[in-house]
Amino acid sequence: MSDTIHQMHGAGETGAVQPAIELRGIDKRFGAVHANKSIDLRVEKGTIHGIVGENGAGKSTLMSILYGFYQADGGTIHVDGKLCVIKGSEDAIALGIGMVHQHFMLVETFTVLENVILGVEGGAVLRAGVDRAREELKRLEREYALDVNPDAIVGELSVGAQQRVEILKALYRGAEILILDEPTGVLTPQEADHLFRILETLKEQGKTVVLITHKLREIMAATDNVSVMRQGEMVAHRKTAETSPEEISELMVGRKVLLHIEKGEAAPAAIVLEVDNLCVDTLQGVRKVKNASFTVRAGEIVGIAGVSGNGQSELLEALGGIRPVTEGQVLFNGQDVTPGHGVDAAELRHRGVAHVPEDRHRMAMVTGFSAKEAAILGYEDDPAYQKGIFLNWHAIADATEHMMSEFDVRPNDPNLKAANFSGGNQQKLVLAREMMRDPELLLVGQPTRGVDIGAIEFIHKRIVAMRDAGKAVLLVSVELDEIMSLADRILVMCNGSIIGEVAAADANERVLGLMMAGVAPNEAKSAEGHHV
Amino acid sequence: MNDTVQLPRWIDVGVLPVINLLLALAVSGLVVLAIGESPSEVVEILLYGAFGYEEAWGYTLYYTTNFIFTGLAFAVAFHCGLFNIGAEGQAYVGGLGVILAALYLDFLPFPIMMIVAILAATAFGAAWAYIPAYLQARRGSHVVITTIMFNFIASSLMVYLLVNVLRPQGSMNPESKQIAEHLRLPFIHDMAASLGIEIARSPLNLSFVYALICSVLVWLFIWHTRWGYAIRTVGANAVAATYAGIEPGRYIIMAMMISGALSSFMALNEVMGVQHRLLIDFTAGYGFVGIAVALMGRNHPFGIFLSALLFGMLYQGGAELSFEIPTISNDMVVVIQGLVILFTGAMEHMFRPRVTKIYMAWHLRRHGQEAA
């Protein structure tokens, strides 16, 4: 018995290079949801391995099992050829696995150095540990060109730099395998490029990188191998050089999808929304929107692009009547509807402004409500829904069923709890509620966030149909592809200001990316000229 | 990923509370054993004391009336996301409204008096709840803190009023004058007698019927009106409410005032129905037990009725128990009631994960093929 084990070890050491990670038959259920169905995955040492799939395909669950957050119901994990049981993140770290989460796990008021040594201070007295850490950090930074000042306060760093601190943290803990979960969601294209250069350096130094994403562009640009997941199953493994974005997206969805939406020329008519010198402050007095002025006409889609957190959310909320305006004016069909002066969200709805907010769970619906209750949010005092002083639940259920069949919400059950619908179906229900009122102006934020590809196509078509029906649409999205395929004019926001406007026809990712990083439009265009 | 599994309603509102209740009784049984009495005998006396004979029924339902009012009061505020623990103070001040109306408007005929008393209780109870509500809605002062403080203020205020203002001349007791006979709520046994039905005397009175009516009204209000919808929206997700144009502050004030009014209806039972005068501390902790009643009843009027009945039984059966078995003092009865509150209120979710697991296993075995 002991001989066999010895032999196995011997074979491992002398044979071909062991894969950094090998998962065999990983299985995980959450109640009735089968999140991972017998997953096999092999990640070679010293490569960048992409894992793609739609939201809910099971990518994050799989990585959480690898990092010890969940225990698999079945299957085995081998790290560097050795069978491992990973019971928690400590075990994962001890095995040399590091993880950079989508939402950073940093203490904002601490310095970079303090954040890095958090949990590995090395004794009760900080001093010795800090000095040792400082030396080690310098070495790591030099080696991987991370470009972070160890004494900077984390809260004052840009999002990209904060992410590099996370990478630094993992490396400081001796990570040989680095998992990054949707790392570019919060980055400008330039910051994303910087990240990919760092990943390349990591690879050269012999580290292994696992990149989880749903962006095909990144997979094609950065990875060596790619694994595709769909509905809890691993459907394909490919060498990146031997595949194409079309093939991967087909594997992800299980059918061909239109990545570009068919739409005709816009026919802009009268001005519907006019925003003049609008300023929005938070309750703490931080100015989030700075002197924004723009118009939206009937029959056009105006897109607002920008890295998330640059004031778009606050702008949209102010226009929806949710957030008070500090300065400036909002005109709707020539009438003053500046929020705060007797105008709130309910008043705006009465006048014909529909609003699909960015955050579905926090704002657009009450997840504990049934679908029919969710379908009247904001319209609960509509006379059609009343019977005397009572709500007419029969009429509401009928209206909800109508919305559901019109917007293909599945399952078509007005009594089902909103939380039990998938993200895409929840979003379609919200869109149905807002769009079927035939509003004159539609404010829509991140219409396809967390929505599967099939539903994205449907939602995009409905938004374009709305425009073609002569309605004004203001679209806020952090997905450049979405903005470029839907909008007729694109405004770019950076640090609270609208930095410029580009006609959709002239827009490309580079120009928009530079503007999102704060470069004025004419400079952005000339910078691009240099490049070409 | 959907981590939480939805249990069918009959498990959620039926099986889980019953498991918690049985566990509470089992632990109570151990306590009874520890003091050398037989648990089975205790249960027998408890049940007999609560339901064994006509008079017992009357007392049980009389206690139930108070618990229905305070339970409903807590539930309405809870649907708006508020933890109103000021039912004691609100009921106490509501009692002031009832007694003032009954003493100073004693020329009114009874049917009109009943309406006036309800309105007076509503006005006083709601007004007492309005101040914490306003502070919560407009100044962000937490309603738990302010309602506790308002309980103390109400208590001191009522002592002052009873001693210095309401106490009839020549009396040494800090209590008000008696309400005129024709203005008292009729006892159920008297009402039955006038119909020729003979039932045993008990404090059970007309306010029990009003409690049942209030249960139906609360149910209609919370689930079948747009105001109830708005209150539930604010309670479940205030951000979504603001997005919908439902101003949270407005509904916080509305829910708290309704809650205060419902608590104060307890005074109809106690002041107008049973004591016929305003006594010091007549609220006697019913306001606090109402929290457990509402939580155990899942904040639904029907559930509140059932748990109010349970607590009514514990109160009445417990009184009988301390009478029948001298070693089980009144304090022991409070221990048993406390255990029931602990297991059904505070630890109501203790068995949820396990029950969910068992249910899932059973469900999968039945529907396994289709699910996979």
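Reply: Pro411(A) sits in the loop of chain A between helix H14 (393–406) and helix H15 (423–435). The model is a predicted one, and in it the peptide bond from Arg410(A) to Pro411(A) is cis, with omega near -5°. Asn291(A) belongs to strand S12 (residues 287–297) of chain A.

Confidence comes next. Chain A has an average pLDDT of 85, and 92% of the residues score at least 70. Within chain A, the mean is highest in strand S20 (residues 472–476), at 96, and lowest in helix H1 (residues 2–14), at 41. The pLDDT is below 50 over residues 1–15 of chain A, and this stretch makes 2 contacts in the model beyond near neighbours in sequence. Where pLDDT is low, the predicted coordinates should not be read in detail. For chain B the average pLDDT is 90, with 97% of the residues at 70 or above. For the complex, the predictor gives an ipTM of 0.84 and a pTM of 0.77.

Next, the domains of chain A. The domain assignment gives domain 1 (19–253) and domain 2 (271–361 + 440–531). Their C-alpha centres lie 33 Å apart. Domain 1 of chain A puts 8 residues into the contact between them, and domain 2 of chain A puts in 10. On the domain 1 side, helix H7 (189–204) and helix H9 (245–253) of chain A each supply at least two of the residues. By class, that side of domain 1 of chain A has 4 nonpolar, 3 polar and 1 charged residues.

Then the partner chain. The contact between the chains takes 28 residues from chain A and 23 residues from chain B. On the chain B side, the elements that give two or more residues are helix H8 (207–224), helix H9 (226–236), helix H10 (238–244) and helix H16 (352–371) of chain B. That side of chain B divides into 12 nonpolar, 8 polar and 3 charged residues.

Two helix pairs inside chain B can be set side by side. In one of them, the axes of helix H2 (residues 39–51) and helix H3 (residues 54–79) of chain B come within 5 Å and cross at roughly 85°. Angles of 65 to 115 degrees count as roughly perpendicular, so H2(B) and H3(B) are roughly perpendicular to each other. From H2(B), Gly49(B), Ala50(B) and Phe51(B) meet Ala56(B), Trp57(B) and Thr60(B) of H3(B). The residues of this contact are 4 nonpolar and 2 polar, with no charged.

In the other pair, the axes of helix H13 (residues 286–296) and helix H14 (residues 301–324) of chain B come within 8 Å and cross at roughly 135°. H13(B) and H14(B) are therefore oblique to each other, and their crossing is right-handed. H13(B) brings Val289(B), Val293(B), Ala294(B) and Met296(B) to the contact, and H14(B) brings Ile304(B), Ser307(B), Ala308(B) and Phe311(B). By class, the contact of H13(B) with H14(B) has 7 nonpolar residues, 1 polar and no charged.

Methods:
Residues are numbered from 1 along each chain as its sequence is written. Chains are lettered from A and ligands numbered from 1 in the order in which they are written. This is a predicted model: local features need pLDDT of at least 70, side-chain atom pairs count only at pLDDT 80 or more; totals for chains, interfaces and linings use all residues. Axes are lines fitted to C-alpha atoms, for helices over the stretch in contact, and angles run from 0 to 180 degrees between N-to-C directions. Helices (H or I, at least four residues) and strands (E, at least two) are DSSP runs, numbered from the N terminus. Angles under 35 degrees count as roughly parallel, over 145 as roughly antiparallel, 65 to 115 as roughly perpendicular and the rest as oblique. Two residues are in contact if their C-beta atoms, placed from the backbone, lie within 7 Å. Ala, Val, Leu, Ile, Met, Phe, Trp, Tyr, Cys and Pro count as nonpolar, Asp, Glu, Lys and Arg as charged, and the others, Gly among them, as polar. Domain bounds come from an automatic or database domain assignment. pLDDT is the predictor's confidence in each residue, from 0 to 100. A crossing is left-handed if the near helix is turned anticlockwise from the far one by less than a right angle, and right-handed if clockwise.
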